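Reader: I'm new to this. Can you show me how to read the place where a ligand sits in a protein?

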Amino acid sequence: MPNPPAPTPPDSPEPLPAFLRACRGIPGGPGDRVPVWFMRQAGRSLPEYRSIRGSGSILEAIADPELSAEITLQPVRRYGVDAAILYSDIVVPAAAIGFGVDVAPGIGPVVEQPFERTADLERLRPLEPELDTPYVLETVRILARELTVPLIGFAGAPFTVASYLIEGRPSRTYTRTKALMHGDPTLWHALMERLAEMAIVSLRSQIANGAVALQIFDSWAGALAPPDYERFVLPHSRRVFEGVADLGVPRIHFGVGTGELLGLMADAGADVVGVDWRVPIDVARTRVPAGIALQGNLDPALCFAPWEVTAEATRDVLRRNAGHPGHIFNLGHGVMPETDPGVLERVVELVHTEGRCDGTIAPEGSTP
Ligand code: CP3
């Protein structure tokens, strides 16, 4: 059940939260802050997570709405971040329809019988969120009531989910995935079509229950050459973006190692493109059309350096963004489990105090 929007008196319109404003590239006023959140902000880096997580598979924790909602809220309380991301996983829909996938601690998604042949398509029936993942929707509803910042819903992009289903476990080379893609394009596209529909249905159900923005994780798309991305992946990711366009919520498109793909990822229909740490924000800007917001991109490994180094790297991201209103500060990829949460607290504080989002150019002498 969607939460009805809170009534706002006509003479005092509710200001748009900083995160949603930045997704739209709307300049903030003086004193407004650059929004910041972290991919994997919930999770093993937090002692409060470790103490309530339990020892089972993450899929069991996700199936417990009270627990998942609490885990989602933990980093919002601790860090004062400007957005929450639903505690779930990109393989939840595939697991829920019985494809036979689990998430092994320290490894990642593991599939009993990897996807190989046309007959395996039958193992991918359409997702019915109300029946297959009611616990996810209940978690979203709890969060929509409790959160003071926007909730980001998400799904795995067809390519990244396909890579897990085909490889059977995390891969460095994606050999089976690429062999299937090139060797049997008909089967490849049929698989991608099913995974695109699964993502659309899942994303729509999260928005219907209270999420107000979406991130599509194509984490491993950077393994592909641009022509292959364009031919085998882009049409299906575009289908996902089109399939949620009418909802009117900001859509973030993220991947790792995607420097050569940033333009194509924007082209798929994103409002915001996530950038890893390999491409400086000012360079990334030249690779996407004007009007596209960027999210990123502090190297998560730099959270392990002495604080002054981390602080300078954080400032470098802000400087390179040069006050552009369409910037959401984040890491270039997820928080590593060994990260000291105290460092992330300081990063948030620094971004909030020194970041500019009013459309003015960076302070004197700070242009890289
Ligand atoms: O960002 C968030 O905090 C939201 C929650 C979230 C999780 N996974 C929770 C999780 C999100 C958005 C994901 C997405 C996800 N899952 C991606 C895309 C993002 C990315 O990292 O590129 C991918 C590739 C997965 C698959 C996956 N799930 C991996 C590779 C792992 C790590 C395995 C491990 O144990 O090291 C997981 C497990 C996982 N998903 C954890 C969390 C908090 C840690 C395991 C646990 O607590 O049991």
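Reader: How many Å lie between a backbone N or O atom of Arg-40 and an oxygen atom of the ligand?

Author: Keep in mind that this is a predicted model. To spot a polar contact, look for a pair of N or O atoms within 3.5 Å. Here, a backbone N or O atom of Arg-40 is 2.6 Å from a ligand oxygen. Gln-41 also brings a backbone N or O atom, 3.5 Å from an oxygen atom of the ligand. With Asp-89 a polar side-chain atom takes part, 2.7 Å from a ligand nitrogen.

Reader: How much of the ligand does the protein bury?

Author: Start with the ligand taken alone, which exposes 850 Å². The protein buries 93% of that.

Reader: Which pocket does the ligand's space belong to?

Author: The ligand takes up space that is the largest pocket. That pocket holds about 1500 Å³ of space. It has 47 lining residues, and Arg-40, Arg-44, Asp-89, Gly-108 and His-333 are the closest to its centre.

Reader: Which element gives the largest share of that lining?

Author: That's α2, with three residues. By class, the pocket lining has 26 nonpolar, 15 polar and six charged residues.

Terms used
Residues numbered from 1 in each chain as written. Predicted model: local features only at pLDDT ≥ 70, side-chain atom pairs only at ≥ 80, totals over all residues. Heavy atoms only, no water. Polar contact = N/O pair within 3.5 Å; in protein donor to acceptor, adjacent residues only side chain to side chain. Areas by Shrake-Rupley, 256 points an atom, 1.4 Å probe, with all protein chains shown as cover. 1 Å grid on protein atoms, 1.4 Å probe; cavity = no way out; pocket = protein on both sides within 12 Å on 5 of 7 lines; lining within 4 Å. Sits in = over half its atoms within 2 Å of the grid points. Points joined across faces, edges and corners; volume = space filled by probe spheres on them. Helix = DSSP H or I, 4+ residues; strand = E, 2+ residues; numbered from the N terminus. Nonpolar A, V, L, I, M, F, W, Y, C, P; charged D, E, K, R; others polar.
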